[in-house]
Amino acid sequence: MFFWHLSHAHKSVRGTDTTFRRVRGGDEAENAREALDLKDADRLYKVSVKDDVTKKKTFYIVHEPFTNNHIFPLGRGTRCFKAYDCQTEALVLLKDTWRVSKYEPEGYVYRELHEKGVRNIAKFITAGDVGHVCGGVQKFSSAAKDKQPRVHMHYRLVLGTIGTPLTQFSSTWQMVNAVKCALLAHWDAVTKANILHRDVSSGNIVMVGEEGGILIDWELCKRIGQGPATARCDDKTGTWQFISARLLLNKAQEHKVGDDLESFVHDLTWSAIKYARNSLTAEDRTEVLMRFDTSLNKIGGQRKAAMFREDSSAITHIGLERKPLSDVLKRIYSGFGHRYGSTKYEELQLENEQAAKAEVEKLETHNWLYGVLEDALKNITWKAAEDGRVDQEVLKEDRYLTAGQKKRKSMLPEYDEERDEKRAKRH
């Protein structure tokens, strides 16, 4: 009897998302096809979004997501689409994800960031949880063994800014400039809205035009000063390659502004090693990139910290072709070496303990890092250089993330345990 009722039930009751449906023809579909630059055979889908605040429902036409994070079994199934806005006929970005219910919805964060005048962020259009035909919203729970279930809510966000990924830079000057622009957004968010991003990664820094950049993906941000003084192990967030060495070395550490600033440095270094012309062989490039990926006994960050302790020589060994890029990274690594007890820091501490302390403290605010980038970008010759992205060889290693930036949004126990079980089977 159950199966009879199931087979005769409306498709929405059987689990079909009726807010995401196929579009087969009509003027609107053809306009969308032209705007999205699609072929006649490409499938189109119409998506609805009900705003959490205004309750207004708007519609968008999409093809296939341009991201692939949803294909991995772990995570929140995030898909991002270039979308045709049926209301304005403009091209927008539509993000479809399963947000963690205990985090503030990203749409609310965007509203506040704009209200507080935060610069270099995407234009906000609408956002809301995806409703269910039976009432309420679509949701599911996940939990590792002996852990509290985590409720996820199906959620959509629409933004009016479409940019280019940081790693698709047309010049190394453009790459560094985009990082500087995103750093300004982070600075504004901290000082004007009291919001800490907590997931600064190369995937979340987007280039806009030739001389612009924005910081996106605020879904895991946190309000500064709220919550416990020390972080809980199941509440650490970020993308592994770019999480600060300090946080990886001790998961119980509180996530601070300085950790996000260090993430900007890892973004820039990782992108330069992989895509900016350098003298590394494929084997050496793979080895250096592995420093951002590896862990020892479930603790990461040792090799990132070691790179900072090497001071500017860590960058010299990469052999970057573009000298201004190499110089700015050398200066940054020399500065961040103080955070991890470099030889220069130890010598300064013996000479002047207060001066050594000041060198560490300056890494906890935006002024110094922003100033270093701003000074370097004044180089007109560098700005005019044509030294865009180069797809340099990296060895394929299943155990590491060097073949591509696989997003691991959270160091949550349920994610870590599954990963460790898979690694154990391979060894």
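**Stop one: a pair of helices**

Select α6 and helix α10 (residues 323–336): their axes come within 11 Å and cross at roughly 145 degrees. Axes here are lines fitted to C-alpha atoms, for helices over the stretch in contact, and angles run from 0 to 180 degrees between N-to-C directions. Helices (H or I, at least four residues) and strands (E, at least two) are DSSP runs, numbered from the N terminus.

Before going on, a word on what you're looking at: this is a predicted model, where local features need pLDDT of at least 70, side-chain atom pairs count only at pLDDT 80 or more, and totals for chains, interfaces and linings use all residues. Residues are numbered from 1 along each chain as its sequence is written, and side-chain values use heavy atoms, with hydrogens and water left out.

Back to the pair. α6 and α10 make a left-handed crossing, which is to say that the near helix is turned anticlockwise from the far one by less than a right angle (clockwise would be right-handed). Show side chains for L261, E262, V265, L268, T269 and A272 in α6, and you'll find them meeting L325, L329, I332, Y333 and F336 in α10. Contact means heavy atoms within 4.5 Å. Sorted by class, the α6 and α10 contact has nine nonpolar, one polar and one charged residues. For those classes, Ala, Val, Leu, Ile, Met, Phe, Trp, Tyr, Cys and Pro are nonpolar, Asp, Glu, Lys and Arg are charged, and the others, Gly among them, are polar.

Now select α6 by itself, residues 257–275. How far does α6 reach from its first C-alpha to its last? This 19-residue helix spans 27 Å, close to the 27 Å expected at 1.5 Å a residue (1.5 Å times one less than its number of residues). Since 19 of its 19 residues are buried, α6 is largely enclosed by the rest of the structure. Buried means under 20% relative accessible area, exposed over 50%, and partly exposed in between (1.4 Å probe, protein chains only).

**Stop two: another crossing**

Next, pick helix α4 (residues 172–193) and helix α13 (residues 366–376), whose axes come within 10 Å and cross at roughly 155 degrees. That makes α4 roughly antiparallel to α13; angles over 145 degrees count as roughly antiparallel, under 35 as roughly parallel, 65 to 115 as roughly perpendicular and the rest as oblique. This crossing is left-handed too. Residues in the contact include W187 of α4 and Y370 of α13.

**Stop three: single residues**

Click on T286 in helix α7 (residues 282–290). T286 is buried, at 3% relative accessible area.

Hop to S48 in strand β2 (residues 44–50). Is S48 buried or exposed? S48 is buried, at 13% relative accessibility. Beyond neighbours within four places in sequence, S48 touches T19, K57, T58, F59 and R156.

E89, between β4 (79–85) and β5 (91–100), has a positive phi near 65 degrees and is exposed at 54%. R198, between β10 (195–196) and β11 (205–208), has a positive phi near 75 degrees but is buried at 6%.

**Zoom out**

Show everything again: the protein has 15 helices and 15 strands, and 52% of its 427 residues count as buried.
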